[in-house]
Amino acid sequence: MSNKYKAIVIGGSAGSFQGITQILANVPKDFPLPMFLCLHRLKHVRHGFVEALSIKSNKVISEPFDKETIKKGAVYLAPANYHMCLELGSTLALSTEDLVNNSRPAIDLTFETASYVYRDKLIGILLSGANKDGAYGMMKIKQRDGLTIVQDPNESMINAMPNAALAATKIDYTLTITQIINFLYELDKLYRTA
Amino acid sequence: MDDLSPDIEITELRKLTQVIKDKYDYDFKDYAMSSFKRRIKRVLDLYKFKNVDKLISVLENNADFFDEFVSEITVNVTEMFRDPTFWKILKEQIIPNILLNHSKITIWHAGCSSGEEVVTMCMVLDEMGVLDKAKIIATDIDTAIINKAKNATYPLKNMDVNSKNYARYQGTRSLEYYYKEVNGEAVIHKSLLENVSYRKHDLVQGVVFSKFDLILCRNVMIYFNQTLQNNVLNKLHESLFKYGYLAIGSKESLIWCEIANKFIVVNNEEKIYKKVKD
């Protein structure tokens, strides 16, 4: 663990809602790294998801507009029916390209573009889910020397997604939600003492 | 997605866009990098070109390939009644407002892709009983996709999501009213599209060619960087009559554009703007 990291991407699908709410409820309020959440969601429901995630969250969560500038410590949620990608120059870019892994937003696109921008300074966290979206993205993060974490398949409500990532690439840590929260706490401390 | 192929470098993309500019006079240099790179990657995979240099040499030596290339790099994913609430607002507020002061309505679909949005517009106007008052221009950079839009023939399986959108829009009919089934495809009745003319037009380099009461350019500019978005918005602004309306995608915004002060927000949720200054 080190304070070299500049951003965190989190992906989740079926069975990840509870885990992600726990993480957002417990992440320190002024945690300095921007977090990019790509969670599979109903494509025609534009409203309600951010609100549902925000209820217990310590952080303000927003669905970004295209070409929005990334802010320190902000939490971004991929909007319904758009892919959310990162661009060089600290901006987010949305896209209506084809579904990837049957999904839009697709975790692979968020993860791959984030790893391209942040290289070895990115942490990828993949939670419960029923397909293999995110496995390729985790592989790209690892290839570019970022840090990879999956939710413990034994804890995941549906473990296909963490397992697909474990099969696709080297995963640095396999953690429960509680351990992920502890990890973020410890990480946060490194930025305070620095 | 291929695991082993190396990353496409930005310098390679620069070289590619320069060759295209020199030889074909299309300018892709200000396309948003993340999606443009992905589209180029897609072309490399599709045609089994081993790298960008190979693509460049094919483009340099084979002009016939260029149209195909443009078709493959432009994003053509669309549906009828995408964002049903947007179409509801158009029907209940925007179009009636325009027709309050005008006997005719001119509409431009900028970046019409395969034409689902044009079909949608005609259905809305038809249900309002004002289709005969409309003059609609639909443009796209991609010749092949314009022909597709003209044919207005869609896979039947797509009609499922279209019908669901239509139900959410709370249309007064059923979508089946507007098409007939031929060989597993939905063929939109030609009479619905009588007032539409389709033409090839490049938003990036094309000139302002007419003035409109309403322009739809939804989820087109997301493929451009901010510099290019500003340029295109200037053209769209110029192509609107004063007090004309501009609709962009639900997750696009004018906020950081130079020209924002010449528009007012009419509906922030659906991203509908009105030109108030020349």
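This is a predicted model: local features need pLDDT of at least 70, side-chain atom pairs count only at pLDDT 80 or more; totals for chains, interfaces and linings use all residues.

Modeller: Residues are numbered from 1 along each chain as its sequence is written, and chains are lettered from A and ligands numbered from 1 in the order in which they are written.

Colleague: How do you know that strand E2 and strand E4 of chain A pair?

Modeller: Two strands pair if DSSP finds at least two bridges between them. E2 (residues 35-39) and E4 (residues 75-77) of chain A have 3 bridges, in the parallel sense, so they pair. A:Met35 is opposite A:Val75 of E4(A). Strands here are DSSP runs of E with at least two residues, helices are runs of H or I with at least four, and both are numbered from the N terminus.

Colleague: What makes strand E3 and strand E9 of chain A edge strands?

Modeller: The open sheet of chain A has 7 strands in the order E3-E4-E2-E1-E7-E8-E9, with parallel pairing. E3 (61-62) and E9 (173-175) of chain A each have a single partner strand, so one side of each has no neighbour in the sheet.

Colleague: Why is H4(A) called oblique to H5(A)?

Modeller: Their axes cross at roughly 40° and come within 8 Å. Axes are lines fitted to C-alpha atoms, for helices over the stretch in contact, and angles run from 0 to 180 degrees between N-to-C directions. Under 35 degrees is roughly parallel, over 145 roughly antiparallel, 65 to 115 roughly perpendicular, and the rest oblique. H4(A) is therefore oblique to H5(A).

Colleague: Which residues make that contact?

Modeller: H4(A) gives A:Ala135, A:Tyr136, A:Met138 and A:Met139, and H5(A) gives A:Ala164, A:Ala165 and A:Ala168. Residues are in contact if their C-beta atoms, placed from the backbone, lie within 7 Å.

Colleague: How many residues does each chain bring to the contact between chain A and chain B?

Modeller: Chain A brings 21 residues and chain B brings 16 residues. Strands E5 (83-87) and E6 (91-95) and helices H3 (107-118) and H4 (135-143) of chain A each supply at least two residues of chain A's side.

Colleague: What makes the radius of gyration of chain B agree with a compact globule?

Modeller: The radius is taken over C-alpha atoms, and the globule rule is 2.2 Å times the number of residues to the power 0.38. For 278 residues a compact globule would be near 19 Å, and chain B has 20 Å, so the value agrees.

Conventions: Two residues are in contact if their C-beta atoms, placed from the backbone, lie within 7 Å.
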